[in-house]
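Trainee: Could we go through this model together? I would like to begin with the strands and then move on to other topics.

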Amino acid sequence: MIYSSSTTAVPEVGRVPRHVAIIMDGNGRWATKRFLPRVAGHVKGADAVRGVVETCIDRGVEYLTLFAFSSENWRRPEEEVSMLMRLFVTMLEREVVRMHANDIRLKVVGDLSRFNEQLQTLIANAERKTAHNTRLTVTICANYGGRWDIMQAVNKMTAAAAAKGQPADHAYTEEELAPYLAMAYAPEPDLFIRTGGEQRISNFLLWQLAYTELFFTETFWPDFDVDSLDAAIASYQQRERRFGRTSAQLTEKTN
């Protein structure tokens, strides 16, 4: 199923966000505050993912998308990047069986070509194993960037059009681009959360966040727990989601 863009159609809105997207920020600073190496923060942060996944299931969230490693994170120290890759492997080896047993589908999106063969194989196997699960879809964005996503979609769309003999001057639409976006299988996020105190999008889901409600918290990701997620959802429930309409129109619709 390909979902309509929120700029072309008004999506259904519920009290619980259908899709939550999170930038898991603050692992390194969490560790530094405790005089621990940054790797300790990343390990603790990986453990926090499980609790958030369980809470999303309990609250009725259908899609959870986590920004694990951006295309810009390669700029970090080589030792930290290597550790993050090893941690990714460990998490895949440790968690996929558990996710499958709990009817969770795992997707990994991004430019995976830069990862080593072992990691690419683990990702492919995990996606294949969980492909038909329906309770919650967990997406890990790895070597992902919003601009990369848009460009790869444009390139695929135009290549497919050329193969079909589409005229070079054809004016494309959002509907034509949508199937080629990395997360075409999911509705646009209802709620975006960034932990760690920073207040920016950082090249995450640039296309998909057009009408998403934004929530920023000072809490570092390793400390983000059930109460933290509930606070973000409670904030979301206070928002008026107009999608270009007026407050009066929303009132008329509910009366």
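Predicted model: local features only at pLDDT ≥ 70, side-chain atom pairs only at ≥ 80, totals over all residues.

Trainee: Understood. Which residues of strand E5 are buried, and on which sides?

Mentor: Strand E5, residues 191-194, is covered on both faces. Leu-191 and Ile-193 are buried on one side, and Phe-192 and Arg-194 are buried on the other.

Trainee: Why do the residues divide in that way?

Mentor: Side chains in a regular strand alternate between the two faces of the sheet.

Trainee: In which sense does E5 pair with strand E1?

Mentor: The pairing of E5 with E1, residues 19-23, is parallel and has four bridges. Within it, Ala-21 has Phe-192 as its bridge partner. E5 also runs parallel to strand E6, residues 213-216, and four bridges join these two. There, Leu-191 is partnered by Glu-213.

Trainee: Turning to helix H2, how many residues does it have?

Mentor: H2 covers residues 38-59 and has 22 residues. From first C-alpha to last it reaches 32 Å, close to the 32 Å expected. Its buried residues include Gly-41, His-42, Gly-45, Ala-46, Val-49 and Val-52.

Trainee: What follows H2?

Mentor: Gly-60 follows H2, and its phi is positive, near 90 degrees.

Trainee: Changing topic, how much space lies in the largest pocket?

Mentor: The largest pocket holds about 1100 Å³. Its lining comprises 48 residues, with Met-24, Asn-27, Phe-67, Ala-68 and Phe-69 nearest the centre.

Trainee: Which element gives the most to that lining?

Mentor: H3 does, with eleven residues. By class, the pocket lining divides into 25 nonpolar, nine polar and 14 charged residues.

Trainee: And how many cavities of 30 Å³ or more does a search of the whole structure find?

Mentor: The search finds one. The largest cavity has a volume of about 160 Å³, and 16 residues line it, including Tyr-3, Leu-181 and Met-183. Ten residues of the cavity lining are nonpolar, four are polar and two are charged.

Trainee: Finally, how many aromatic pairs are counted?

Mentor: The count comes to ten aromatic pairs. In one of them, the ring centres of Phe-67 and Tyr-144 are 6.0 Å apart with the planes at 85 degrees, so this pair is edge-to-face. Phe-67 is in strand E2 and Tyr-144 in strand E4, so the pair ties together parts 77 residues apart in sequence. Phe-67 and Tyr-144 are both buried.

Trainee: With what other ring does Tyr-144 form an edge-to-face pair?

Mentor: Tyr-144 pairs in this way with Phe-204, at 6.4 Å centre to centre and 85 degrees between the planes. Phe-204 lies in the loop between E5 and E6, so this pair ties together parts 60 residues apart in sequence. Phe-204 is buried, at 0% relative accessibility.

Trainee: Which residues do the ring pairs link into a cluster?

Mentor: The cluster consists of Phe-67, Tyr-144, Trp-148, Phe-192, Phe-204 and Phe-216.

Methods:
Residues numbered from 1 in each chain as written. Heavy atoms only, no water. Buried < 20%, exposed > 50% of the residue type's maximum accessible area, 1.4 Å probe, protein only. Pairing = 2+ DSSP bridges. Expected span 1.5 Å × (residues − 1). 1 Å grid on protein atoms, 1.4 Å probe; cavity = no way out; pocket = protein on both sides within 12 Å on 5 of 7 lines; lining within 4 Å. Points joined across faces, edges and corners; volume = space filled by probe spheres on them. Nonpolar A, V, L, I, M, F, W, Y, C, P; charged D, E, K, R; others polar. Phe/Tyr/Trp six-rings, centres within 6.5 Å; stacked < 30°, edge-to-face > 60°.
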